[in-house]
Amino acid sequence: MKFPGQRKSKHYFPVESRDPLTNELNPVIQPRHTHITGIDQTLVDIEAHVDEEFIARHGLKKGNSMLIDDAAAHVLYEELQQQNLITEEFAGGTIGNTLHNYSTLADSRSVMFGVMSRNIQIGSYAYRYLCNTSSRVDLNQLQPVDGPIGRCFTLVTECGERTFAISKGCMDKLTPEYIDENLVKTGSALVLTAYLMRAGDDPITDAAMTAIHYAHEADVPVVLTLGTRFLIEQDPQFWRDFIAEHVTVLAMNEEEAEALTGHADPLLACDQALEWCELILCTAGPSGLYMAGWTEEDSKRETSHMLLPGAIPEFNQYEFSRPMTRAQCEKPMKVYSHIAPFMGGPEKISNTNGAGDGALSALLHDMAANDYHKLNLPQSRKHHISGLCYSSFAQICKYANRVSYEVLAQYSPRLSRGLPEREDSLEEAYWER
C-alpha cells in the first residue's frame, strides 16, 4: 500500500524493509494486507450537448432529473449516437468512483458489490464500465444479471443548464446472497451511498442492510455518502435516525448538510451531525472543505496554523489531533478542521461531478493505512491509542483537498493515475507542516 499524502517513507517503515545486517537475525515478515468494500448501483455516465427541442421531444423537463425506462433510454442513446452529440462517456456511480480512486491512490485492493450484465458486448455500457475501472478494484463479487446496467444521461443545453435522464436498468437488482460476509468483516471500511436506501421494491436495500449488519458484527466502520440534497430533504429525520444507528463516517456537501441538519453554515452543520456519528467530511465548494470528529482530550494536539474565525470561534485549535470514535475516548472532545481550495482551485473547472467522491477516497485511504500499519506494526507508539485514522484532521484535509482538485481539473470523476511524487507547484512543506 502507498501511504496517504506526500509523506517520506521514514514515517511508516520499516514494514517490509529492514537493516540488511540484521536480516538474518530478524527475518522479514511478509506484510499483511487490508482492503475496503463498497456497494454501488453500477451505471455509466453519458454527457451530451443538445438543444431544448431535443429535451422536449424525449419528454424530459429542462433542469430536472427524471427516471426513464429501458426502451426510452435505448431510443435516447441511439439518437445521441446518430447525431454525434455525445461528448463524454465513462463509468460512474458514487461508490464506484470512490473505490476506483481509492485503489488508484493507495495502489491497494478494494472490493465492489453490485450487478453486471451477464452478456457483455464490446462497446456496450457494461464494457465501458469495466474498461474504466482500476484493475485493483475487485469486481469478482458482482452479481450477473440479464439486462443492462444503469445509465445516467447528462444533457447540457446551450445556456449551460443540465438535464438528467436516468435509466435504472438492473442496477438495483443486487441480492443479499451476493454480499460476502468474510470480505466485509475483514475490510477496513464499508462504503455506501444514501441512494441504496431508496430503491423501492428492488433488493439492493436489503443487500446494503445485510452488509451493514456484517460490518457492525466485526466493528468495521460504516461510511455513508449522502449523494444529493433532494433525497435528504424528503425525510431528514429518517436520515438522522439512520446515521445515528448505523453510520460511523459521514460524507456530504454543504447543501446536503443543510438539508440534514437545518444549518446553512457547514461548520455548524458538522457540529450538529457529530451528535449522530463519529467523523464527518463536508465539502463546501469554493469555501474548501471541513472535517469534524472526536478525539481523546488528554491526547489533543494544538495546531501551529492560524486560528480561524467562524460560528465556533477558533474552531481549528486542535486540528493536529487524530480522529477517534467516542467509544475509544475516556474524555471525548469535538475537533474541527478546515482548508481552502488547493491553489485557489483549478483555473478551469472541467467537471464538478466526483470532487466529493475524490475527497472521500483520500479519507478512506488514510483509514485503511491506519489499519495496515496496525496489522504490520502493532507495537508502534502510533497505536498505543486507538485511532480511526492514521493522520491528523489537518493532514487528512490537505490530502482530501489535493485529490478533490485533481478531479475538478479533469473531465472524468475517476483518476487516471495517483498523485505525482513531486510537484513543482506544491512546496514539500505543504505535506510536512
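**Entry 1. Aromatic pairs**

I began with the rings and found that ring pairs link Tyr-77, Tyr-125 and Phe-153 into a cluster. I note here that the model is a predicted one. My count of aromatic pairs came to seven. One of them is Phe-238 with Phe-242, a stacked pair with 6.0 Å from centre to centre and 25° between the planes. I looked up where these two sit: both are in helix H8 (residues 236-246), four residues apart, about one turn of the helix. Phe-238 is partly exposed at 29% relative accessible area. Phe-242 has a relative accessible area of 7%, so I put it down as buried, the cut-off for buried being under 20%.

**Entry 2. Charges over rings**

I went back to Phe-238 and found the charged end of Arg-198 over its ring, 4.2 Å from the ring centre. I also recorded Arg-414, whose charged end sits over the ring of Tyr-129 at 5.1 Å from the centre.

**Entry 3. Salt bridges**

I counted 21 salt bridges in the structure. One of them joins Arg-136 and Asp-107, with 2.9 Å between the closest N and O atoms. I checked the position of both partners, and the pair links distant parts of the chain, 29 residues apart. Arg-136 is in the loop between helix H4 (125-131) and strand S7 (137-138), while Asp-107 is in the loop between helix H3 (94-106) and strand S5 (110-113). I have Arg-136 as partly exposed, at 33% relative accessible area. Asp-107 is partly exposed too, at 38%.

I then looked within helices. Glu-181 and Lys-185 form a salt bridge with the closest N and O atoms 2.6 Å apart. Because the two are four residues apart in helix H5 (residues 181-185), about one helical turn separates them. I noted Glu-181 as partly exposed at 34% relative accessibility, and Lys-185 as partly exposed at 27%.

Arg-229 and Glu-233 also meet through their side chains in a salt bridge, at 3.5 Å from N to O. They are four residues apart in helix H7 (residues 229-233), so I again have a separation of about one helical turn. Arg-229 is partly exposed with a relative accessible area of 30%, and Glu-233 is partly exposed at 40%. I also found Lys-168, Asp-172, Lys-173 and Asp-202 joined into one network by salt bridges that share partners.

**Entry 4. Nonpolar surface**

Last, I asked which residues form a nonpolar patch on the surface. I found Ile-120, Ile-122, Tyr-127 and Leu-130, with about 370 Å² of accessible area together. I looked up Ile-122 separately and placed it in the loop between strand S6 (115-117) and H4.

Definitions and conventions: Residues numbered from 1 in each chain as written. Predicted model: local features only at pLDDT ≥ 70, side-chain atom pairs only at ≥ 80, totals over all residues. Heavy atoms only, no water. Salt bridge = Lys/Arg side-chain N within 4 Å of Asp/Glu carboxyl O. Buried < 20%, exposed > 50% of the residue type's maximum accessible area, 1.4 Å probe, protein only. Patch = residues over 30% accessible without salt bridge, like charges linked within 9 Å, V, L, I, M, F, W, Y side chains within 5 Å. Areas by Shrake-Rupley, 256 points an atom, 1.4 Å probe, with all protein chains shown as cover. Phe/Tyr/Trp six-rings, centres within 6.5 Å; stacked < 30°, edge-to-face > 60°. Lys NZ or Arg CZ within 6 Å of the ring centre and 35° of its normal.
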